[in-house]
Amino acid sequence: MFSYIEKLLHDPIKRNIAINTIGNYLNVFFTALFALILVRIMSPAEYGVLSVLLGVTYVFANILDFGTTATIYSQVPVFYESKDPRMYQFIKTAFFFQSIFSICVIITLFLFFPYFDSIFFKTGVEKWVLFVTTFSILLFIWQNFIGNIFAASKKFLASNIYINIANIVKTLTLLFFWYIGNISVGTVIFTFGIVGPTVYFMLATANHTQFIPKLYSASIKKEEFQFKYTFTYFLSSQFYNLGLRMDLFLLSYFMIGAGLGHYGLAQKIILTIITSIVSITQVLSPGFAAITSKKEAKIQIQKAFKYLLFPATIFVVLFFTPRFVFQLVFTNNFAETEAITKALALPFILNAIGSVPMLFLLYTVKKPSVILYSNILFFIIISVGSYYLIPSKGVFGPPIAIGLAFIIATLIQTITAWKEYKNLR
């Protein structure tokens with residue numbers, strides 16, 4: 001046991017995956033805690049509205065990433081390892097352009113969100129709730145940016161400490177609103193979207209003040225943003241992220257009612273497990289970027305498969321989890337969640353395994369265009385499939401479309417990655 005721990009501490013990849021996975025699962029714990037609190041306070045219909053609005057914030061936060069995440073992971077590790085001062089110039093440039101573009105889109109959404117809600121989302125919430133939802137998008141974008149910088153520079157421990165301290169503050173805030181009898185969709189979004197990111201910023205800034213003068217004095221150069229690579233990956237990731245939310249949005253459009261709350265909770269469980277995939281790929285990304293030969297690629301790919309089998313196994317375990325566990329955790333009010341969760345778990349096994357060819361295509365051979373084409377198909381299949389299946393199969397329609405979408409997208413990326421792998425020396 002002790003020899004294993006010693007080996008773990010001396011292997012940087014295993015150590016960082018362990019730190020990032022533990023940190024992410026602490027985040028998962030808090031997400032589960034939030035769900036446990038909310039399902040005991042809100043009706044399924046209210047929880048459905050909350051899921052839709054939080055879904056909007058997460059989708060737009062991902063859309064307005066503009067591919068910055070991929071650029072950060074392809075540049076910052078090299079700058080950081082070589083102690084290149086251009087790192088500060090790159091970070092400032094990326095943050096500047098992402099913020100400018102995001103603010104323009106968010107202002108537009110801010111103006112038209114009430115109209116969009118009336119014709120599509122149909123949540124019926126007050127305007128101030130929509131405005132808080134919109135503003136929280138910008139804070140999520142900045143939080144994600146800072147978190148990616150930490151991850152790319154291998155400061156996983158610091159980032160995970162900050163995010164989980166923010167989770168503690170969010171929990172206390174939520175309990176405070178519960179205590180004063182003011183738990184509502186609006187106050188929950190305020191807690192998750194405003195309080196949480198603000199605490200994260202404060203901690204990150206207070207503990208890394210030595211970098212602020214360097215960032216302030218750095219210049220902004222647009223060529224550092226790598227628009228072609230960044231924009232291509234931006235489009236591909238947005239089709240993917242939007243595709244993952246179209247099922248919930250279309251269920252809202254068809255006004256499923258309480259079923260929307262059941263599905264929203266099931267989707268929350270699935271997306272929570274996906275965080276383990278993200279925690280692993282964050283650590284593996286710099287390794288794929290450094291590949292120069294077929295031998296190195298084979299070693300890195302084998303490592304990736306080994307580590308990503310863990311979240312794939314979790315989805316399998318989730319599928320075989322007994323019904324009484326769901327009833328014990330989420331109460332009988334959300335009994336239908338169990339069947340929906342199991343229907344979603346199977347196709348998401350491919351999400352874990354399919355991350356390997358994606359990492360190879362994005363960081364090794366740097367061909368985000370392949371990912372773009374496959375993710376466009378992914379989005380179309382889920383959207384069209386859900387649109388036609390929901391009227392006949394209800395909440396069990398989208399999992400069928402998601403399964404087909406994952407099969408096709410993963411096949412395209414795997415076949416292309418294999419061809420590119422054979423071309424390496």
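Predicted model: local features only at pLDDT ≥ 70, side-chain atom pairs only at ≥ 80, totals over all residues.
Reading helix packing, pockets and ring pairs

Biologist: Which residues of helix 16 and helix 17 meet?

Modeller: From helix 16 come M358, L361 and L362, and from helix 17 come P368, V370 and I371. Sorted by class, the contact between helix 16 and helix 17 has six nonpolar residues, with no polar and no charged ones.

Biologist: Turning to open space, how much lies in the largest pocket?

Modeller: The largest pocket holds about 830 Å³ of space. Its lining has 26 residues, and those closest to the pocket centre are I91, I146, I149, F211 and L215.

Biologist: Which helices supply at least two residues each to the lining of the largest pocket?

Modeller: They are helix 4 (68-81), helix 5 (86-121), helix 6 (127-152), helix 8 (185-206) and helix 9 (212-217). Helix 5 gives the most, with six residues. By class, the pocket lining is made up of 19 nonpolar, three polar and four charged residues.

Biologist: How many cavities of 30 Å³ or more are there?

Modeller: A cavity differs from a pocket in that the probe fits inside but cannot get out. The count is two cavities of 30 Å³ or more. The second largest cavity contains about 40 Å³ of space.

Biologist: What lines the second largest cavity?

Modeller: L244, D247, Q267, I270, L271, L344 and F348 line the second largest cavity. Helix 10 (227-253) and helix 11 (258-289) each supply at least two of the lining residues, and helix 11 gives the most, with three. The classes in this lining are five nonpolar, one polar and one charged.

Biologist: How many aromatic pairs does the structure hold?

Modeller: There are 17 aromatic pairs in the structure. One of them joins F95 and W142, with ring centres 5.9 Å apart and planes at 35 degrees, and this pair is tilted. F95 belongs to helix 5 and W142 to helix 6, so the pair ties together parts that are 47 residues apart in sequence.

Definitions and conventions. Residues numbered from 1 in each chain as written. Heavy atoms only, no water. Contact = heavy atoms within 4.5 Å. Helix = DSSP H or I, 4+ residues; strand = E, 2+ residues; numbered from the N terminus. Nonpolar A, V, L, I, M, F, W, Y, C, P; charged D, E, K, R; others polar. 1 Å grid on protein atoms, 1.4 Å probe; cavity = no way out; pocket = protein on both sides within 12 Å on 5 of 7 lines; lining within 4 Å. Points joined across faces, edges and corners; volume = space filled by probe spheres on them. Phe/Tyr/Trp six-rings, centres within 6.5 Å; stacked < 30°, edge-to-face > 60°.
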